[in-house]
Amino acid sequence: MISKSLAVPPQHLRVALFTMLGVAAMAGALNGAMALGEWVSRIAPVSDPTPAIVQVEPTAEEQAEPAPPPPAFQFDAPLPGRVINSPFGLRQLPWEENGRLHQGVDIAAPGGAAVKVAADGVVKTTGLSPTYGRYVLVMHKGGLTTLYAHLAKPAAGVKRGAYLHRGETVAFVGNSGRSTGSHLHFEIRKGDKPLNPSFFLGRSFAEANDLPLKAAGKVSRKIHVATVSKWPPGVTKAEATKSGITVARLKNGRVRATIPVVAIQAPKAQPTVASAGAAI
């Protein structure tokens with residue numbers, strides 16, 4: 001016989017039973033939802049949370065590297081393919097007693113050969129000098145000038161103020177002035193200072209600071225004894241022999257004279273084009 005104090009009313013038993021059934025149903029629903037989620041994740045594609053990177057082909061302009069800027073200074077040979085046969089520096093001609101500064105270079109070529117302007121520039125003057133003969137003086141940027149001398153004549157249209165592009169014909173080779181044969185006398189100057197053209201011809205420079213002004217302005221103390229093809233009027237080999245000059249005729253018919261001299265310093269002041277110093 002059960003005690004009344006321990007007896008559970010029937011309505012309480014029903015509440016407990018329904019509660020247990022509710023909890024079991026809830027647990028089953030949760031388990032079912034989890035199983036369904038796993039199944040869906042296995043069969044459904046998974047989206048990548050990171051944004052897709054689309055490769056874009058570069059355009060033709062982007063593929064090509066930017067072209068480097070053109071050089072500020074560029075010099076070509078005035079007689080392409082021909083070599084310098086009388087260099088810049090102290091030089092002595094057979095009929096001279098002492099050496100003097102040869103302010104440019106000589107390039108032998110047949111009369112009438114086309115002379116090309118070495119760089120872009122403007123014709124400053126053309127003229128006729130007792131020593132340079134027919135000449136053309138061209139101005140370039142940076143205070144540089146080029147001189148073309150012993151010419152037969154300037155090219156058509158070459159006159160004061162004419163603009164010339166590098167490589168255009170400026171004149172034609174001749175034998176005018178104080179010259180001993182058909183050739184071009186070519187000079188480069190910075191202001192009034194003569195520079196060795198060998199430091200410039202065939203070279204380009206990105207900017208003015210790259211110009212070899214210091215090196216090109218140096219003058220070696222060595223004196224070059226010139227070889228000439230003929231003697232100028234009024235100068236004979238007999239007169240040269242009296243002065244102690246040794247004269248020899250080479251197999252090719254050219255005359256070579258050797259004069260014993262001592263090294264001298266380059267002149268402090270150089271003649272201008274107008275005074276036309278004895279440059280040959």
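The model is predicted: local features need pLDDT of at least 70, side-chain atom pairs count only at pLDDT 80 or more, and totals for chains, interfaces and linings use all residues. Residues are numbered from 1 along each chain as its sequence is written, and side-chain values use heavy atoms, with hydrogens and water left out.

Confidence was examined as pLDDT, the predictor's confidence in each residue, from 0 to 100. The chain has a mean pLDDT of 78. Of its residues, 61% reach 70 or more. Confidence is highest in strand E6 (residues 114–116), at 98. It is lowest in helix H4 (residues 237–242), at a mean of 50. Over residues 259–267 the pLDDT stays under 50, and the model has 22 contacts there beyond four places in sequence. Residues 269–279 also have a pLDDT below 50, with 26 contacts beyond near neighbours in sequence. Contact means heavy atoms within 4.5 Å. Where pLDDT is low, the predicted coordinates should not be read in detail.

The chain contains four helices and 18 strands. Helices (H or I, at least four residues) and strands (E, at least two) are DSSP runs, numbered from the N terminus. Of the 280 residues, 34% count as buried. Buried means under 20% relative accessible area, exposed over 50%, and partly exposed in between (1.4 Å probe, protein chains only). Among contacts between residues at least 6 apart in sequence, 65% join residues at least 24 apart. The chain exposes about 17,300 Å², and carbon and sulfur atoms supply 60% of this area. Accessible areas come from the Shrake-Rupley method with a 1.4 Å probe; for residues, only the protein chains shown count as cover.

The largest nonpolar core has 37 residues. Tyr 148 and Val 170 have the most contacts inside this core. At least two core residues come from each of strands E5 (105–108), E8 (133–139), E9 (144–154), E11 (169–173) and E12 (183–190). A second, separate core has five residues, including Tyr 132, Tyr 135, Leu 137 and Leu 147. A nonpolar core is a set of buried Ala, Val, Leu, Ile, Met, Phe, Trp, Tyr and Cys residues joined through side-chain atoms within 4.5 Å.

Strand pairing was then examined; two strands pair if DSSP finds at least two bridges between them. Strand E11 pairs antiparallel with E6 through three bridges. Here Lys 116 stands opposite Thr 169. Strand E11 also pairs with E9, again in the antiparallel sense over three bridges. In this pair, Lys 153 faces Phe 172 as its opposite residue. Elsewhere, three strands form an open sheet of mixed pairing, in the order E4-E3-E15. Its edge strands, E4 (100–102) and E15 (224–225), each pair on one side only. Strand E3 (residues 89–92) and E4 are antiparallel, with three bridges. Leu 90 has Leu 101 in E4 as its bridge partner.

Two residues were considered individually. Glu 187 lies in strand E12. Glu 187 is buried, with a relative accessible area of 1%. Its side chain makes polar contacts with the side chains of Tyr 132 (2.7 Å) and Arg 189 (3.0 Å). A polar contact is a pair of N or O atoms within 3.5 Å; within protein, one must be able to donate a hydrogen and the other to accept it, and residues adjacent in sequence count only if both atoms are side-chain atoms.

Arg 134 lies in strand E8. Arg 134 is partly exposed, at a relative accessible area of 38%. Beyond its neighbours within four places in sequence, Arg 134 contacts residues including Gly 127, Tyr 148, His 150 and Ser 176.
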